[in-house]
Amino acid sequence: MNAREAAFLRRAKDLVDRSYAEPLDVIALARRAHVSPYHFSRRFKEAFGETPHQYVLTRRVERAQELLRNTDLSVTEICLEVGFQSLGSFSTAFHKVAGMTPTAYRATYTGHAPHIPGCWAAQWTRPLGSARMEKRAATPHD
Amino acid sequence: MKIPIIALRVLDQQRALDFYTQVLGFTVTEDMDLGAMRWLTVSPPGAPDQHVLLERVGPPIVDPETAETIDTLIAKGVGGSLFLEVDDLHATFDEVVAKGAEVVQEPMERFYGIDAAIRDDSGNQIRMTQRVETGIQAPPSAVNG
């Protein structure tokens with residue numbers, strides 16, 4: 001792998017870190033990395049140790065863990081907030097990363113968390129919506 | 001003791017100079033052609049005694065193959081990092097993004113303040129933090145360890 005390919009793969013990874021709550025599929029990420037979808041997953045894993053799909057799930061679970069620790073948002077709200085489409089896929093991914101259910105994870109922290117209101121935390125922890133990103137892209141002069 | 005200079009390896013010194021001065025508003029503090037190397041340092045606004053050496057690594061310090069490996073790591077985003085403390089994170093973030101910085105993380109409240117992350121033109125991560133009380137709990141590893 002040379003610096004040029006590494007830069008393309010890193011940009012795809014950055015896109016996941018930045019836009020984890022958006023619907024991200026491997027095809028779109030591969031396009032971002034300027035590689036064929038067929039090679040993309042393998043090359044991404046060689047570079048970062050996880051497939052792009054796994055990386056998306058891990059990133060979403062990491063964000064969900066922070067919201068579970070620090071907000072009073074419900075598990076369902078958090079599931080949707082970090083980009084999962086269903087509670088089933090959220091629970092499966094969460095258990096794989098954290099080794100327990102979201103509810104059990106939250107219970108671990110009950111008692112020593114100065115919980116902040118979820119509506120307030122959500123304002124700060126959610127990434128910018130696609131509308132603002134598009135607006136940004138459309139106005140490069142400002 | 002203090003740290004007057006830290007070295008950050010970059011893929012291209014001229015492009016890095018453009019990024020640090022035009023996007024981040026740094027000032028060039030030293031730019032000298034020393035023959036085999038270009039000694040290029042920049043300082044953040046308001047801190048002229050803090051220098052980042054924008055360093056290009058290659059022969060004769062390392063062989064071409066090692067230089068290529070280092071460049072690949074930089075481009076992959078694991079070459080180096082810079083942590084900046086800012087007064088108004090949201091304002092600074094909006095400004096650097098408008099000037100074309102690649103975003104890694106939008107502004108978020110963390111247990112240590114508000115922060116955001118961007119990349120420099122080489123792929124080095126630049127983490128910007130505004131130190132404010134957020135009331136957010138530190139993760140268990142930070143509390144216990």
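## Close-up views of chain A

**View 1. Contacts across chain A.** In this predicted model, 61% of the contacts in chain A with a separation of 6 or more come from residues 24 or more positions apart.

**View 2. The elements of chain A.** Chain A holds nine helices and zero strands. Read from the N terminus on, its elements run α-α-α-α-α-α-α-α-α.

**View 3. Burial and surface of chain A.** Chain A has 142 residues, and 42% of them count as buried.

**View 4. Helix 1 of chain A packs with helix 2 of chain A.** Helix 1 spans residues 3–18, and helix 2 spans residues 26–33. Two packed helices are described by the angle between their axes and the distance between the axes. Here the angle is about 135°, and the axes lie 7 Å apart. The angle makes helix 1 of chain A oblique to helix 2 of chain A. Their crossing is right-handed.

**View 5. The residues between helix 1 and helix 2 of chain A.** Helix 1 of chain A brings A:Phe8, A:Leu9, A:Arg11, A:Ala12, A:Leu15, A:Val16 and A:Arg18 to the contact. Helix 2 of chain A brings A:Leu29, A:Arg32 and A:Ala33. How many residues of each class make this contact? Seven are nonpolar, three are charged and none is polar.

Terms used
Residues numbered from 1 in each chain as written. Chains lettered and ligands numbered in written order. Predicted model: local features only at pLDDT ≥ 70, side-chain atom pairs only at ≥ 80, totals over all residues. Heavy atoms only, no water. Helix = DSSP H or I, 4+ residues; strand = E, 2+ residues; numbered from the N terminus. Buried < 20%, exposed > 50% of the residue type's maximum accessible area, 1.4 Å probe, protein only. Contact = heavy atoms within 4.5 Å. Axes fitted to C-alpha atoms, helices over the stretch in contact; angles between N-to-C directions. Parallel < 35°, antiparallel > 145°, perpendicular 65-115°, else oblique. Left-handed = near helix turned anticlockwise from the far one by under 90°. Nonpolar A, V, L, I, M, F, W, Y, C, P; charged D, E, K, R; others polar.
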